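Reader: I'd like to learn how to read a few features in a structure file. Could you walk me through them one at a time?

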Amino acid sequence: MRTLIVSCSPKRRLSASGLLACVQRLSVRGTVRRLALRRRGDLPAVLEHLCQADAVILSMPLYVDGVPSHVLEFLREAETFCKENDLHPRLYCIANNGFIEGRQSEPLMRTLENFCARSGLDWCGGVGVGGGVMLNVNAVLMCLKLALLPVSLLLNRLLPDGSTPLDVLADTAINLLVLLALCSTILFFLVRQGRAVSAGADAGTHYTRVLIPSFIFIPMANVFFVIVSLFQGGLFRGWLAPKEIGQPNPEA
Ligand SMILES: Cc1cc2nc3c(=O)[nH]c(=O)nc-3n(C[C@H](O)[C@H](O)[C@H](O)COP(=O)(O)O)c2cc1C
């Protein structure tokens, strides 16, 4: 079983699509190749690997209720390429969107289903994930927690009234478990899809989200984006920094 996992976010680093692709990779057996489709220049490499793939998983963000434009361009080229080379891989998708409801990705899933019907590929379903930015923040917080663990242990040794190392470890473990619990249904559906990919089966389409109630998520998101806008998008350098612009499409 040869699987091609393509991360389709234009972001160079710290994209939710990249993160979800990494997690998906852990539950897919067989030969797995991971590629990035960030811009037009990446198209040839992805098409080349399409030839050898039994299954393809596209992990992408939702843009304006649909497929990002550089992915649409890829789909157009892939349609011709698959027809010319008589390729019929199974196609799966992981979509993530900024709003909290994963179901926002439904039109994107339909687009991919229609693409498969037209191109002769086998549509096998996908996972729509709501709260993509929050997912990224969660992942960053988990890494920070782990990275700061030695510092916390050291500080607690130096401070006379500091808590015991066991307290610090327990505190970190609880924090990590809470963050993990917020993503538990996403992990569940990704593992389920990974098993279906490995078995060559249909995974069905499922929508899930970061497990934060909307009435908490909305004010938190508002505050987050006000702060980000105050820093003109440069709060997390390389993450929210301006993206590389691809070559203009002469046909556009
Ligand atoms: C141009 C643009 C359009 C977007 N449109 C939507 C949208 O229609 N609905 C939504 O829920 N999120 C939308 N988002 C938010 C992204 O889907 C969200 O930030 C996602 O987590 C980005 O994924 P990535 O980190 O993999 O690039 C949009 C973001 C951008 C930059």
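Author: Let's start with a term: buried means under 20% relative accessible area, exposed means over 50%, and partly exposed is in between. Arg 2 has a relative accessible area of 40%, so Arg 2 is partly exposed. Keep in mind that this is a predicted model.

Reader: Okay, so what does Arg 2 pair with in a salt bridge?

Author: The general idea is that side chains of opposite charge can pair when their charged atoms come close. Here, Arg 2 forms a salt bridge with Asp 54, and the closest N and O atoms are 3.3 Å apart. Arg 2 sits in strand β1 (residues 2-7), while Asp 54 is in the loop between α2 (43-50) and β3 (55-61), so the pair ties together parts that are 52 residues apart in sequence. Asp 54 is partly exposed too, with a relative accessible area of 26%.

Reader: How many salt bridges does the count come to?

Author: The count comes to 6 salt bridges. One of them links Lys 83 with Glu 79, with the closest N and O atoms 3.0 Å apart.

Reader: Where do Lys 83 and Glu 79 lie?

Author: In helix α3 (residues 69-84), and because they are 4 residues apart, about one helical turn separates them. As for cover, Glu 79 has 14% relative accessibility and counts as buried, whereas Lys 83, at 48%, counts as partly exposed.

Reader: And what about Glu 106, which residue does it form a salt bridge with?

Author: That's Arg 110, with the closest N and O atoms 3.2 Å apart. Both residues lie in helix α4 (residues 106-119), again 4 residues apart, about one turn of the helix. Glu 106 is partly exposed, at a relative accessible area of 23%. There's a network as well: salt bridges that share partners join Glu 79, Lys 83 and Arg 118.

Reader: Let's switch to helix packing. How are α5 and α6 oriented to each other?

Author: In general, two packed helices are described by the angle between their axes and the distance between the axes. For α5 and helix α6 (residues 165-182), the angle is about 175° and the axes are 10 Å apart. Angles over 145 degrees count as roughly antiparallel, so that is how α5 and α6 run relative to each other.

Reader: Which residues meet between α5 and α6?

Author: On the α5 side they include Leu 141, Met 142, Leu 146, Leu 149 and Leu 153. Among those they meet in α6 are Val 168, Leu 169, Thr 172, Leu 176 and Leu 180.

Reader: Which residues make the nonpolar surface patch?

Author: Leu 141, Leu 144, Leu 148, Val 151, Leu 154, Leu 155, Leu 158 and Leu 159 make a patch of about 760 Å². Leu 158 belongs to helix α5 (residues 132-158), and its relative accessible area of 63% makes it exposed.

Notes. Residues are numbered from 1 along each chain as its sequence is written. This is a predicted model: local features need pLDDT of at least 70, side-chain atom pairs count only at pLDDT 80 or more; totals for chains, interfaces and linings use all residues. Side-chain values use heavy atoms; hydrogens and water are left out. Patches are made of residues with over 30% relative accessible area and no salt bridge: like charges are joined within 9 Å, nonpolar side chains (Val, Leu, Ile, Met, Phe, Trp, Tyr) within 5 Å. Accessible areas come from the Shrake-Rupley method with a 1.4 Å probe; for residues, only the protein chains shown count as cover. A salt bridge is a side-chain nitrogen of Lys or Arg within 4 Å of a carboxyl oxygen of Asp or Glu. Helices (H or I, at least four residues) and strands (E, at least two) are DSSP runs, numbered from the N terminus. Buried means under 20% relative accessible area, exposed over 50%, partly exposed in between (1.4 Å probe, protein chains only). Axes are lines fitted to C-alpha atoms, for helices over the stretch in contact, and angles run from 0 to 180 degrees between N-to-C directions. Angles under 35 degrees count as roughly parallel, over 145 as roughly antiparallel, 65 to 115 as roughly perpendicular and the rest as oblique. Contact means heavy atoms within 4.5 Å.
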